[in-house]
Amino acid sequence: MSTTTAVLLPGAPVAEKILADVATRVAALRAQGVVPSLATILVGDDDASAGYIRIKQRQAAELGFESPHEHLPADTTQEALHAVIDRFNADPDVHGLLIQYPTPQHLDYDVALQRVDPDMDVDGMHPLNLGRLAAGMPGPLPCTPAGIEALLAHYEIPVSGREVVILGRGATLGRPLAMLLSQKRPTANAAVTVVHTGVADWPRYTQRADILIAAAGVPGIIQPEHVKPGATVIGGGVRYSGRRLLPDVDESCAEVAGAITPRVGGVGPTTVAMLFRNAVTAAERRFT
Ligand SMILES: NC(=O)c1ccc[n+]([C@@H]2O[C@H](COP(=O)([O-])OP(=O)(O)OC[C@H]3O[C@@H](n4cnc5c(N)ncnc54)[C@H](OP(=O)(O)O)[C@@H]3O)[C@@H](O)[C@H]2O)c1
């Protein structure tokens, strides 16, 4: 018999709300004669990456975006990739730009990302946008961290004044999330601690967290003994073994947590929703 007591926090209802708002904003732009456009670049023939791009394009079309796409061969040079980025950057009809990660090994993704016009960076990962986040200036927010803040707000989990512990200081998730949740805003404003491999006794910190966020990418690293009874647990870190998704948070944590994201369908849907929120905001910024 299952002893699960935690309330589940699926990302889908949060994403639906965000995407409904995006669709309304896209329609408003279209009513003014502006067609929001999110361009995508895929390099190589990785099946998973091609699948992710297809999903994003389908969703873009459903929301009313144009989505011009460039599929470059696996042996594309860095210069050729930059030329495509430059073309989209310069196109007045394109408002957002996404380079599907990862790119083939011979390419430097970070250098390519720095080539993207920061105001078109729908992933919110351009160094200038991470700098804006650090400085508290407006700009595209990194999608996974922004999605986690939205998820906590949607389920009315108080964050302000509470103790948040993040396991992982990676550039995609842990570090920007720490910046986001420590900002002075009602849905943030937390006491944030970030732990990592340099903190050998990290369970000492996670055990006192009101909100524990796993951002390590180490399957099963968070076990019930690392969780304070009744705490909220958000599983951000995942690894794939083939198509099988291996989350950082062991499912048995649901026996201790008060609320927890499901094994599948937690922060993934909110991440994608934030991408489109960044894209419509980029389009609005050009015309308002
Ligand atoms: N669901 C989504 O939509 C989504 C989106 C983006 C990212 N993610 C996932 O989020 C995770 C983090 O992404 P990232 O790019 O920020 O990762 P990253 O750069 O690889 O960072 C991982 C962090 O975890 C820490 N860590 C790893 N093993 C540890 C251990 N045994 N004990 C303590 N700390 C440990 C690392 O510590 P050190 O710094 O000391 O090495 C590092 O700070 C990944 O699993 C990624 O797949 C999910």
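Helix α5 (residues 127–135) and helix α7 (residues 174–181) pack at an angle of about 30°, and their axes lie 9 Å apart. Here helices (H or I, at least four residues) and strands (E, at least two) are DSSP runs, numbered from the N terminus. Axes are lines fitted to C-alpha atoms, for helices over the stretch in contact, and angles run from 0 to 180 degrees between N-to-C directions. The structure is a predicted model, in which local features need pLDDT of at least 70 and side-chain atom pairs count only at pLDDT 80 or more, whereas totals for chains, interfaces and linings use all residues. Residues are numbered from 1 along each chain as its sequence is written, and side-chain values use heavy atoms, with hydrogens and water left out.

The crossing of α5 and α7 is left-handed, a term that applies if the near helix is turned anticlockwise from the far one by less than a right angle (right-handed if clockwise). On the α5 side, the contact (heavy atoms within 4.5 Å) is made by Leu-130, Leu-133 and Ala-134, and on the α7 side by Pro-176, Met-179 and Leu-180. By class, this contact has six nonpolar residues, no polar and no charged ones. In this classification, Ala, Val, Leu, Ile, Met, Phe, Trp, Tyr, Cys and Pro count as nonpolar, Asp, Glu, Lys and Arg as charged, and the others, Gly among them, as polar.

An open sheet is formed by three strands in the order β3-β2-β4, with parallel pairing; two strands pair if DSSP finds at least two bridges between them. The edge strands, β3 (69–72) and β4 (96–99), each pair on one side only. Neighbouring strands of the sheet are turned by 10° against each other on average, direction ignored. Strand β2 (residues 38–43) is joined to β3 by four bridges, and Thr-40 has His-69 of β3 as its bridge partner. Four bridges also join β2 to β4, where the partner of Leu-38 is Gly-96. From β2 the chain crosses through helix α2 (residues 47–63) to β3 in a right-handed β-α-β crossover; with the strands pointing away from the viewer, such a path from the first strand over the helix to the second runs clockwise.

Helix α3 (residues 78–90) lies across β2, β3 and β4 and runs at about 175° to β2.

Most residues other than glycine have a negative phi, and most peptide bonds are trans. The peptide bond from Tyr-101 to Pro-102 is cis, with omega near 0°; Pro-102 is found in the loop between β4 and α4 (109–115). Glu-156, in the loop between α6 (143–154) and β5 (163–167), has a positive phi of about 55° although it is not a glycine. Glu-156 is exposed (over 50%), with a relative accessible area of 69%. Asn-189, located in the loop between α7 and β6 (191–195), likewise has a positive phi, of about 60°.

Key
Buried < 20%, exposed > 50% of the residue type's maximum accessible area, 1.4 Å probe, protein only.
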